[in-house]
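Let us study how features of a protein model may be read.

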Amino acid sequence: MGLLDRDVIHSEPCVRAFSRIFWAFLFFLDFRIGINNVHIDVLPDFIGWILMATALGWILGLHSDIKLIRTLSLVSIFLSIFDLIEIKKKVSGISYDISIFFPVGIALAILSIIVIWKLCGVIMDMAEAVGNQLIRERADFRRKLYLAFMIALPVVMVICFVVPPLIPIVAIGGLIAAIVIFCLLMGLMKATVNICVS
């Protein structure tokens, strides 16, 4: 358990922090609008990362992992700026997203996995400290679910590249899965606010 100060759990800064992190997750959903082949993210990730980083700054004394999560969030603010715009190109009749910042996108995905894994770990320790086994189990399940989703994503994309007719089905299924996962994570943040209030 990496808790540094249990008193922070039942504090106003903790309530405000997890309330703000709740809204941060909304901006991690990927909704894009496009004109011709250029698509822009209407819920920019960098806003979510700014919300996350500022919220974590209020509770640095809570847990030993908070400083790391905040540092990764600050790095992600910068990296996610390059993810605002995608340019679609067609090769052999297949439309796909390309970007000269593709390696940045991979780095951002890895950082998001670490941040969510660690953040859920912090919540697990908080729940254990207040004797809330249900929230602890939810946090553990949701971080594993997010990890599985992020691992499955590139595998499914490769399959779609090989079998193009699957693209619409996978795109709809992936969007639904992403919405469900982020709603579950947002629900976890709300539950954590309730831990802080009680």
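The dialogue below treats a helix, a hairpin and a nonpolar core.

Q: What kind of model is this, and how are residues numbered?

A: This is a predicted model, in which local features need pLDDT of at least 70, side-chain atom pairs count only at pLDDT 80 or more, and totals for chains, interfaces and linings use all residues. Residues are numbered from 1 along each chain as its sequence is written, and side-chain values use heavy atoms, with hydrogens and water left out.

Q: Why does the span of helix α2 agree with its number of residues?

A: Helices (H or I, at least four residues) and strands (E, at least two) are DSSP runs, numbered from the N terminus. The expected span of a helix is 1.5 Å times one less than its number of residues. The 13 residues of α2 (residues 45-57) should therefore span 18 Å, and the end C-alpha atoms are 19 Å apart, which agrees.

Q: Which strands form a hairpin?

A: Two strands pair if DSSP finds at least two bridges between them. Strands β1 (residues 32-35) and β2 pair in the antiparallel sense over 4 bridges, and I33 stands opposite I40 in β2. The hairpin of β1 and β2 has 2 residues between the strands, and N36 in the turn has a positive phi of about 55 degrees.

Q: Which residues of the largest nonpolar core touch the most other members?

A: Nonpolar side chains tend to be buried together in soluble globular proteins. A nonpolar core is a set of buried (under 20% relative accessible area, 1.4 Å probe, protein chains only) Ala, Val, Leu, Ile, Met, Phe, Trp, Tyr and Cys residues joined through side-chain atoms within 4.5 Å. Here the largest core has 56 residues, of which F18, F25, M52 and L62 touch the most other members. Its largest share, 12 residues, comes from α4.

Key: Buried means under 20% relative accessible area, exposed over 50%, partly exposed in between (1.4 Å probe, protein chains only).
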